[in-house]
Amino acid sequence: TKRTEISELGEFGLIDHINNRVQLKNASTLKGIGDDAAVIDAGDHVKVVSTDLLLEGVHFDLAYAPLPHVGFKAVAVNVSDIAAMNAIPKQITVSIALSNRFSVEAVDALYEGINAACEHYGVDLVGGDTTASRSGLVISITAIGEAKKEQLSYRSGAKVNDILCVTGDLGSALVGLQILEREKQVYLSNPDMKPELDKYTVVTSRQLRPDARMDIIHELRELGVVPTSMMDISDGLASEIFHICKASGVGATIYEDKLPIDKQTFDTAVELNMDPITCVLNGGEDYELLFTIDQKDFAKLEKHPDIHFIGHITKPEEGKYLVTRSGTAVQLKAQGWKHF
Ligand code: TPP
């Protein structure tokens, strides 16, 4: 019998493979697998539901990630998926698997972060499950949000001439991870030496304790702007642009000189011999929002200090391009985070 390696499909091929075998049966299921969250009819509004798994060793390393930060991040990445639908998060469930390395005090430290995030985002923890683990800490969170149906932003709504926008700045979480990994090596080989992390607080905190951009979602509502398409940036900007282009059946052009990067992130990337633009394009775990707006909405967002206009949507046959500082258009490559 044939054996196909999962790496032959990759993460997104695997999701498509699973989705091809799923049959939706209920009229209330408005959108199943394939966006940042599923959409469920709830009468006068819709519910959006998203789930994320975080594993010790894959998503966090307890050698340098404090448990309260791990708890906060686990909630934030789920809230980010709800934000990416242009919805407001309301409830979460939290399931954990613990090996006997963990004490009640460790669980308290984890939930200190989870509860802080619930306060910060205004969500209620309403359930979950606990089980034993043979392989460290596993956290699975499901988030439920609400929106009016006409407020939702799917990945599939981008139209030719729409403006591509990103929030905040990009690449910091990857650079932070590299610093934490470097200091871990130093620290583990010489435990007396305190890691010299003070000058890297921007990048390390962006890796350890990211904040989902609910502030932007609330501001877009106040300004009366509904993005034509949206997703959050978890795997890297370039990879997410490919998702929007595929779902919307469009192309895109972005401009290197418009890509937002923080000063400390830029300097630290250079110190680590990493190309800052590659960090911005392929870094991952930024948990900023990537969205498109109709040109008529540009004036409403033009002066926003934390929304950056990085390019525009083109016809599908025009492909995906990055215009470099020197003015040459190079094909954009999706080289984001690869689980498989
Ligand atoms: N190793 C450790 C110890 N910590 C990390 N944060 C990483 C590696 C980097 N990393 C882990 S998962 C990931 C990255 C960049 C991508 C995002 O994770 P995923 O589970 O795909 O998030 P989702 O798209 O489901 O929100």
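I take a salt bridge to be a side-chain nitrogen of Lys or Arg within 4 Å of a carboxyl oxygen of Asp or Glu. I note at the outset that the model is predicted.

**Entry 1: a salt bridge.** I looked up D36 and R155. Their closest N and O atoms are 3.3 Å apart, within the 4 Å limit, so I record the pair as a salt bridge. Between domain 1 and domain 2 I find a count of 5 salt bridges.

**Entry 2: the two domains.** I looked up the domain assignment, which gives domain 1 as 6–151 and domain 2 as 155–331. To their contact, domain 1 contributes 32 residues and domain 2 contributes 27 residues. I computed the centres over C-alpha atoms and find 21 Å between them.

**Entry 3: the interface.** I find that domain 1 and domain 2 bury about 2500 Å² between them, with 55% of it on carbon and sulfur atoms. On the domain 1 side, the most area is lost by Y64, K73 and N86, together 25% of what that side buries. I also list 12 residue pairs in polar contact across this interface.

**Entry 4: the ligand.** I asked which residues come nearest to the ligand. Of the 14 around it, they are D52, H59, S234, E285 and H339. By class I sort the shell into 6 nonpolar, 4 polar and 4 charged residues.

**Entry 5: polar atoms at the ligand.** I find a polar side-chain atom of H59 at 2.8 Å from a ligand oxygen atom, and one of D235 at 3.3 Å from an oxygen atom of the ligand. An N or O atom in the side chain of E285 lies 2.9 Å from a nitrogen atom of the ligand. Taken alone, the ligand exposes 600 Å², of which the protein buries 88%.

Terms used. Residues numbered from 1 in each chain as written. Predicted model: local features only at pLDDT ≥ 70, side-chain atom pairs only at ≥ 80, totals over all residues. Heavy atoms only, no water. Near = heavy atom within 4 Å. Polar contact = N/O pair within 3.5 Å; in protein donor to acceptor, adjacent residues only side chain to side chain. Areas by Shrake-Rupley, 256 points an atom, 1.4 Å probe, with all protein chains shown as cover. Nonpolar A, V, L, I, M, F, W, Y, C, P; charged D, E, K, R; others polar. Domains from an automatic or database assignment. Contact = heavy atoms within 4.5 Å. Buried area = accessible area lost by both parts, 1.4 Å probe.
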